[in-house]
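Morning, everyone. Please have a look at the model on the screen.

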Amino acid sequence: MTLSRREILTGAAGTAVGLAGIGAHPAVGSDAPQKKLAKNQIPFGAAVRGEPLLLDDAYRRALLKYCSIVVPEGALKWIETRPTPDRFDFAKADVIIDFAKANGIEPRGHTLVWYEALPPWTKQISSTGNAERALRFHIEQLVGRYRGVIRSWDVINEPIAEDEIGTENLRPSVWTSTLGERYIEIALRTAAATDPDAQLVINENDLAVSGAKYETRRVAFLQLLRRLKDKDVPLHAVGIQGHLRSDWQQDRDGFQRLLEGIKRLNLDILITEMDVIDQSLPGPETVRDILVAKLVYDFLQTVFEVIRPKSILTWGISDRYTWVPLWFKREDQLANRPLPLDDQMRPKPLLAVIDHFCTSPI
Ligand code: XIL
C-alpha cells in the first residue's frame with residue numbers, strides 16, 4: 001500500500017476504480033490482483049462489516065485496494081456465532097472470510113473470549129464445569145472451522161478491568177466469575193491444541209493513556225502476561241487496540257515501559273483496532289484530519305521507538321462505516337472522521353501516516 005504523492009495530495013487513490021466487482025456475488029469475486037508487499041513492509045488491514053461488503057461496491061473496492069488483512073468487526077463474536085449452547089452460525093463471518101480467501105487477503109479472527117457481545121443464554125452459565133465446557137467447545141469450533149485460514153486470533157479481548165478490581169485487576173465477566181484467571185489459560189491452550197500454527201493474541205485497550213488508573217492497568221497487564229509465560233501458556237503476541245481519544249493525554253514513558261516489558265517476554269506486537277475518537281477536535285474537516293493524523297503519528301512513533309509491530313489494523317477503513325458515532329457522537333452534529341478514508345473513500349492524511357510507518361525501514 002504505497003501511495004504516490006499525487007494520490008495523497010489529490011485523493012485520487014480513493015476514486016480509482018478497481019477491476020473487481022463483476023459477478024452476481026461481488027463480495028466473493030476473486031479478480032483482484034493480490035497485493036504485493038515490499039520486503040519488510042508491515043501489512044496494513046482493517047475491520048470489516050459483512051453487509052456493506054455485499055452491498056456497497058465502493059467499500060469493497062477500497063478494502064481490495066488498501067488492505068492486506070481484514071478482521072470481522074463483529075461477525076465472529078459469540079453473539080453472532082453462538083445463538084444457542086449447541087448451535088453455531090457462521091453465515092455472517094463467512095461473507096468476510098470468503099471475500100478474504102478469494103482475494104488473497106489475510107483474515108484475522110476477533111475474538112474468542114470477551115466479557116461483551118455474549119448471547120443471552122450465557123447468563124445461565126454458573127458452574128465452573130459448564131463454563132469450561134462452553135468455552136472449550138466454542139474455541140474448538142471456531143478455530144477448528146478456520147484452521148489454516150485464520151492464522152491469527154484475538155483469543156482474549158480486554159482482560160484487564162477499567163478500574164482496580166481485586167489483586168489481579170481482571171475485568172469481571174461470566175468467565176472470571178466461574179473460572180477466575182484460569183479462563184485465559186484454558187482459552188489459549190484450547191486454541192493452541194486446535195490449531196498449533198495459529199498466532200495467539202491477547203488484545204487490550206487504552207494501554208497508552210496517561211493517569212494513575214491507566215498505569216495500574218499497564219502494570220497489571222504486564223504481570224498477567226508474565227504469569228502466562230511463566231506457566232508456558234501458548235501466547236505469541238499482544239494486540240494494542242489503539243482507539244485514540246483526542247481528549248486524553250498519552251503517557252509516552254509508561255506506554256514505552258509496557259512495550260519494553262512485552263518485548264522482553266518475546267511477544268510480538270500488533271496494532272489491532274486503531275482509530276481516533278475525534279469527538280472533541282475542532283469541526284473543520286481539513287483541520288480535524290490533520291489533528292487526527294498527528295495523534296496517530298505520535299502514537300505509532302512511540303511504539304516504533306521500542307518495537308516494530310507485525311501488522312497495523314484500523315477499526316474500519318472508511319468514515320462511512322465506523323463504530324465511533326455509536327458512543328462518541330459530536331455535539332456539533334458533524335460526522336466523526338476517525339478512519340484512513342473519508343466517507344467518499346478518499347484517502348486522508350491518516351492513511352499517509354500509516355503508510356509512512358508501514359514502509360519505514362527497519
Ligand atoms: C465494536 C464494534 O465496532 C461495534 O460495531 C459493536 O457494536 C461493538 O463492538 N473494542 C473491541 C471491539 O475489541 O470488538 C469493539 O467493536 C470496539 C472496542
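Predicted model: local features only at pLDDT ≥ 70, side-chain atom pairs only at ≥ 80, totals over all residues.

Let's start with the ligand. Around it sit Glu-73, Lys-77, His-110, Trp-114, Asn-157, Glu-158, Gln-241, His-243, Glu-273, Trp-315 and Trp-323. Residues are numbered from 1 along each chain as its sequence is written, and side-chain values use heavy atoms, with hydrogens and water left out.

Now the polar contacts, meaning pairs of N or O atoms within 3.5 Å. The side chain of His-110 has an N or O atom 2.7 Å from a ligand oxygen. For Asn-157, a polar side-chain atom is 2.9 Å from an oxygen of the ligand. For Gln-241, the distance from a side-chain N or O atom to a ligand oxygen is 3.3 Å. Alone, the ligand exposes 410 Å², and the protein buries 77% of that. Those areas come from the Shrake-Rupley method with a 1.4 Å probe.

Back to His-110. What kind of peptide bond joins His-110 and Thr-111? A cis one, with omega about 0°. Thr-111 belongs to strand β4, residues 109–113. Strands here are DSSP runs of E, at least two residues; helices are runs of H or I, at least four.

One more backbone point. Asn-266 is not a glycine, yet its phi is positive, about 65°. Asn-266 sits in the loop between α11 and β9 (268–277). Most residues other than glycine have a negative phi, and most peptide bonds are trans.

Note on methods. Near = heavy atom within 4 Å. Polar contact = N/O pair within 3.5 Å; in protein donor to acceptor, adjacent residues only side chain to side chain.
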